[in-house]
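Please keep the sequence and the model in view while reading.

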Amino acid sequence: MALEKNVKTQAFEIARLMQDGKGENVTVIDVSKLNSWTDYFVIVTIKSSAHWQGLEKLVKEYVKENDMQIHLTHNKTSGGDDWNLIDIGPVVVHLMSEDARNFYDLEKLWHAGTFTRESFVE
């Protein structure tokens, strides 16, 4: 039986997957002390619908391999390409166009969290 990974490890592994999939400006925010419904945000800038679908596929494969579960979510915009959310419970992945990311500015909204960019190593 494999050792269970902690949530920080999972968030950082997902962030690395997003970087490997050419996601831009990948940021992990530890929000565990700020709310009761999730521990980490992984925020990624995407370039197109095909790009977010490819990144979503990487996340789904990771979830399956790590015996996790994706909770039902809805696209945050009417067209569905600007902001797609993947809720894995303790980790929420935000796949956002550059325009949506600038408009909603989750980093500013969650500024009290602990930020990690670029180096996703514990």
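Helices (H or I, at least four residues) and strands (E, at least two) are DSSP runs, numbered from the N terminus. Met96 is found in strand β4. This is a predicted model, in which local features need pLDDT of at least 70 and side-chain atom pairs count only at pLDDT 80 or more, while totals for chains, interfaces and linings use all residues. Residues are numbered from 1 along each chain as its sequence is written, and side-chain values use heavy atoms, with hydrogens and water left out.

Met96 is buried, with a relative accessible area of 0%, where buried means under 20% relative accessible area, exposed over 50% and partly exposed in between (1.4 Å probe, protein chains only). Leaving aside neighbours within four places in sequence, Met96 is in contact (heavy atoms within 4.5 Å) with residues including Ile43, Trp83, Arg101 and Leu106. The C-alpha atoms of Met96 and Trp52 are separated by 8.1 Å, although these residues are 44 apart along the chain.

| Strand | Residues | Mean pLDDT |
|---|---|---|
| β5, lowest | residues 114–117 | 90 |
| β2, highest | residues 40–46 | 97 |

The buried residues of α1 include Phe12, Ile14 and Met18, and what covers the buried residues of this helix includes β1, β2, α2, β4 and β5. In α1, Gln10, Glu13, Ile14, Leu17 and Met18 meet Leu55, Leu58, Val59 and Tyr62 in α2.

Methods. pLDDT = per-residue confidence, 0-100.
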